[in-house]
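Here is a friendly walk through a two-chain model, written to be read with the coordinates open beside you.

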Amino acid sequence: MSTIPAGYVETRLIDPFEIHVGPVHERSVHGGQRYALLVDKRHVNGRGVVHGGMLLTFADAAFGQAAWRATDFANTVTLGMQAQFIKGVREGALIEVEPEVVRQTRTLLFIKGDFKVRSETILIVQSLWKLLESK
Amino acid sequence: MAEPEYPQLPANAENISARGFNFHAGPFYRLTADPDGMGARYAFKALEKHMNSAGTVHGGLLMTFADVAMSRTARLVVGEGPSSTVSFSFDFVGPGRLGDVIEASVRIRRRTRSVLFQGAELTAGERLIALASGVWRIGG
């Protein structure tokens with residue numbers, strides 16, 4: 001069973017649903033931010049494989065944090081998300097992603113990320129976000 | 001003060017979130033299967049735990065509901081053998097609110113020997129909440 005590696009700190013989540021399914025952890029890595037989910041028994045389906053909905057929720061949470069940082073803490077909402085589920089993983093897996101903000105316009109952000117267990121990509125996600133306002 | 005009049009789930013709604021992440025994130029319900037066996041309708045009621053800090057239903061939960069609804073619909077044609085999501089696309093059209101009964105209407109678009117193509121609309125009453133589509137792999 002893996003644990004959260006040293007260097008990670010718990011992400012401060014504020015959305016009730018993210019708090020309900022979390023925690024999520026993060027650490028700084030070469031100019032970016034890496035987010036991690038340790039799969040526990042709440043996150044898997046009846047076959048013991050991590051639920052697609054949990055992976056999409058982790059993606060939404062991690063990319064939301066990336067959008068928040070990229071916009072100097074503005075409010076953003078998800079407009080669209082596309083995912084390819086490449087490999088199923090089980091309880092105890094540590095899933096990591098470094099979201100990349102590909103482009104930011106006045107009103108939109110394009111964010112993508114490869115989700116990995118160790119060095120193996122298990123999920124690819126790209127997404128579109130709307131920038132609501134500056135704080 | 002009168003109780004707010006939230007919409008209710010239909011009496012025949014069948015809870016399909018018995019265990020695992022479905023249980024933790026749900027409850028989700030199946031309403032009816034289409035007469036031709038190529039689609040079905042599902043619903044959930046938006047609770048406090050489903051929300052985000054902006055006061056709307058969390059996107060991750062909406063995507064979870066769509067994934068559950070389409071995975072269940074896959075079983076209508078695949079049976080109880082394994083099938084899994086390989087590709088998933090979701091567009092957030094409008095916000096869901098606390099107390100909403102959000103429905104998913106799923107249709108299977110094509111089945112081959114190895115994959116299944118599906119699409120779904122999520123609505124709350126007359127409001128369109130989201131559009132979803134995906135590809136399911138048939139077999140382990």
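## A loop with two positive phi angles

A:Asp72 lies in the loop that runs between α2 (52-70) and β4 of chain A. Please keep in mind as you look that this is a predicted model. The phi angle of A:Asp72 is near 60°, a positive value in a residue other than glycine. Is A:Asp72 buried or exposed? The residue has 8 C-beta neighbours inside 10 Å, and because the cut-off for exposed is 12 or fewer, A:Asp72 counts as exposed.

A:Phe73 also has its place in the loop between α2 and β4 of chain A. This residue is not a glycine, yet its phi is positive, at about 70°. A:Phe73 has 11 other C-beta atoms within 10 Å and is exposed.

## Chain A as a whole

Along the sequence they follow the pattern β-α-β-β-α-β-β-β-β-β. The radius of gyration of chain A is 14 Å, close to the 14 Å that the globule rule gives for 135 residues, so the chain is as compact as a globular protein of that length.

The C-alpha trace of chain A spans about 45 × 30 × 30 Å along its principal axes. Of its 135 residues, 37% count as buried. If you look at contacts in chain A between residues at least 6 apart in sequence, 60% of them join residues at least 24 apart.

## Strand pairing within chain A

Which strand of chain A pairs with strand β3 (residues 32-38)? The partner is strand β5 (residues 94-97) of chain A, and the two pair in the antiparallel sense over 4 bridges.

## A cis proline in each chain

In chain A, the peptide bond from A:Gly22 to A:Pro23 is cis, with omega near 10°. You will find A:Pro23 in the loop between α1 (16-21) and β2 (25-29) of chain A.

Turning to chain B, B:Gly26 and B:Pro27 are joined by a cis peptide bond, and omega is about 5°. B:Pro27 has its place in the loop between α1 and β2 (29-33) of chain B.

α2(B) has 20 residues and reaches 28 Å from its first C-alpha to its last, close to the 28 Å expected at 1.5 Å a residue. The helix is mostly covered, with 15 of its 20 residues buried. After α2(B) comes B:Gly79, a residue with a positive phi, near 90°.

## The nonpolar core

In soluble globular proteins, nonpolar side chains tend to be buried together. In this model the largest nonpolar core has 68 residues. Which residues have the most contacts inside the core? They are B:Phe65 and B:Ala66. The largest share of this core comes from α2(A), which gives 10 residues.

Leaving aside residues up to four places away in sequence, B:Ala66 touches B:Phe90, B:Ala104, B:Ala120, B:Leu122, B:Ala130 and B:Ala132.

## Where the chains meet

The contact between the chains takes 29 residues from chain B and 29 residues from chain A. On the side of chain B that touches chain A, the elements giving two or more residues are α1 (20-25), α2 (59-78) and β4 (83-92) of chain B. Of these, β4(B) gives the most, with 9 residues. By class, this side of chain B has 11 nonpolar, 13 polar and 5 charged residues.

To see one of the paired positions, look for A:Gln82, whose bridge partner in β4(B) is B:Ser89.

Note on methods. Residues numbered from 1 in each chain as written. Chains lettered and ligands numbered in written order. Predicted model: local features only at pLDDT ≥ 70, side-chain atom pairs only at ≥ 80, totals over all residues. Contact = placed C-beta atoms within 7 Å. Nonpolar A, V, L, I, M, F, W, Y, C, P; charged D, E, K, R; others polar. Pairing = 2+ DSSP bridges. Rg over C-alpha atoms; globule rule 2.2 N^0.38 Å. Expected span 1.5 Å × (residues − 1). Core = buried A, V, L, I, M, F, W, Y, C linked by C-beta atoms within 7 Å.
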